[in-house]
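Let's take a friendly walk through a structure together. Keep the sequence and the 3D view open as you read.

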Amino acid sequence: MNMADLLWIIVAMPFTIFLVLAFLGKKLSANLTAIIAISGTGTSALLTILLGWSFLGSPPENYSLSSHLWEWMNAGGLITSMSLRLDALSLVFIFVITFVGFLILVYSTEFMRNEEGYARFFAYMNLFIGSMLILVLADNLLLLYLGWEGVGLCSYLLIGFWYKDPANGYAARKAFIMTRIGDTALIIGLFLLFTEFGTLNIADILSAAPEKWASGDPTARLAAFLLLGGAVGKSAQLPLQTWLPDAMAGPSPVSALIHAATMVTAGVYLIARTHTIFELAPLAQNAVAIIGATTLLLAGFSALTQRDIKRVLAYSTMSQIGYMFLALGVGAWSAAVFHFMIHAFFKALLFLGAGAIIMVLHHEHNMFKMGGLYKKLPVIFWTFLIASASLAALPVISAGFYSKDLILWETFASASGGTQLWFLGYIGAFITALYTARMVFVTFFGKTKIEPTQRPGLRITLPLVVLALFSFAGGFIELPHTLGHVQVFSGLMQHALPHLEIRDVAESSELVLQIITGLTSLIAVGAAYVLYIRRRSWTDSIRNSTLVIQIHRFWNLGWGFDTAYDTLLVKPIVYLSRINKNDVVDLISLGLSKAMVYFNKLLVYTQNGKIRWYMATIALGAILTLTISILL
Amino acid sequence: MVEIPLTHSIVLAAVLFLLGLVGLLTRRNILFMLMSVEIMLNAAGLVFIVGSSRWAQADGQVMYIFILSMASAEVAVGLALIVQFYKKFNTLDTDAASKLKG
């Protein structure tokens, strides 16, 4: 069987399951629903592994496979086909999407067991995974946009899954509308690319762009900024990041799926996919790096002040995606994708772990009411610890160290990066380790405050263990020069993404920087240990000064972005619409019709059905006409 | 033979026409309204006759013949309608037939 033929099956499986569950969901028993729900993505994951195996074993020509399914539309010069294209970049993405997605689904079969709308949940999840697969496998931008919107729709459906609580519906709408702002920029960018190139095929555009545009061309810059707008919305970066913390309203597996495998990484994928355009627009690429660096810091500080364990993780996702943007912005394409993969493993694990904790503690989200769980829930504790180590980038032993260190070092070494950006990322790394350690210490150590009443079953723990394995071992496929020098991942990526040019001066400093970042995360963990285990009184005394309380509140609310948007945009619009409740513009046409009705009523009086009255008017009219004709 | 001035005949015709018009407007009995219409027709016919005699042309008289025949036809149709009207409304009051009001 031809390898390329597997592609459409991988995409079609989740959609088929979606259709089955959407139409038959209510008739199926819960067990059958669970089996059907995981089978589709499971098959896709298996096929992906099979495909990846043969892809890596005997690489196809140009390191890409394409499969033309059918012509989608052909109108006015726009020829769009339903074609899938697999290269090294999308291979990594579909592996993460199907594999992590599958584990999340397995977990959900137990987690969502007693929820209303069991089948509905899995239908949405499968649609979500399917849309994301379309997004990353699309060979043209329009098909990519289809997946893009599908992902947006599913995030809306899933964040608002518990729709009976109006707050969840609000969070869902917020996510949908905020990402839609970015989507609008993206579709305008697509229009621009189409008018410039006459095609939306990604490979064609990328090969034609360097010939058409010189570096720094204004059109290229505009296109890159529009694409960036779309990426910023979906990936929850500044300034469209406010939807992500509220997206925690959905069930925990949804958060895991949104944050790890799908949705927020779409922006990273888009920028990596259209990297040529960004390289031709250095200004836009710089903007990517600056947005990433700023977001990772802002989100890091916000994560430091959250009490809800899921919100800590939400801000942490924002921050980690910020790292990916930073890497994309300095041209460290491969490092960004590497961090995406590692992040997908440990962040999915963290969310699933947090979800399991919340479940056994009766929907308690506040981690300061948890504590002492390391003995009660050993499996969750150890897996959570491994993932946290990755997030905190503990040196040498964790996968996150290798990916984050790669980003930091390449940021430092890149010609378009430099010391300032590196320093921002470095501060971010310290903050990350600090809030991660805080989360772990507060949740698992100290006194037990709530007794867990139930133990998570095998279907919850097994995905955790598998993900923990990947969070631990995933890093060893790409080791720096200083530590073993393994380049499996970047070796694969170089077929899809350009190599990073490294400044000469930076070469020698790699080891020093690694030691510095490694030590930093250790120091941060130590600081958290002192502040949250040893000397709780210190924390309390720090917390008592007014300035700290103010800053704490400010960070806790995500730097006041919600308030700012509310005051600057929402309130004026609501005010204007309240003034314009009766629609000023409509008054013209409404007034016209009202006048017509009025005159109509007047004329109706003349039609009284009395013949003498008609005669009188005829006579009157005749007299008038005669008078006028005589007088004039 | 005394020549009757033109104005006299015209005034007579106008008076006749007005009589007919006023009758038409004030009478509610449809029979009288028909008669008023006849008076108005005859007033118009009178003007034709007077004009024809004043300018010694036959056209006016021809016109009068036309009016006369038209009037007889109109009376035939009108009377038939009145009979039908009476059958339907059991009265000759035109105000009873005001169903076509807007």
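Helices (H or I, at least four residues) and strands (E, at least two) are DSSP runs, numbered from the N terminus. With that in hand, look at helix 6 of chain A, which bends by about 25° at I181(A).

Helix 6 covers residues 166–197 of chain A, 32 residues in total, and spans 46 Å from its first C-alpha to its last. That is close to the expected 46 Å, where the expected span is 1.5 Å times one less than the number of residues. Just after this helix, G198(A) adopts a positive phi of about 70°.

## How the model is described

This is a predicted model, in which local features need pLDDT of at least 70 and side-chain atom pairs count only at pLDDT 80 or more, while totals for chains, interfaces and linings use all residues. Residues are numbered from 1 along each chain as its sequence is written, chains are lettered from A and ligands numbered from 1 in the order in which they are written, and side-chain values use heavy atoms, leaving out hydrogens and water.

## Salt bridges

How many salt bridges are there over all chains? A search of the whole structure gives 11, counting a side-chain nitrogen of Lys or Arg within 4 Å of a carboxyl oxygen of Asp or Glu. One of them joins D87(A) and R273(A) (2.9 Å, N to O). D87(A) sits in strand 2 and R273(A) in helix 11 of chain A, so this pair ties together parts 186 residues apart in sequence.

## Where the chains meet

Chain B gives 14 residues to the contact and chain A gives 11, with contact meaning heavy atoms within 4.5 Å. Between chain B and chain A there is 1 salt bridge, formed by the side chains of D95(B) and R612(A).

Conventions:
Bend = angle between axes of the 7 residues up to and from the residue.
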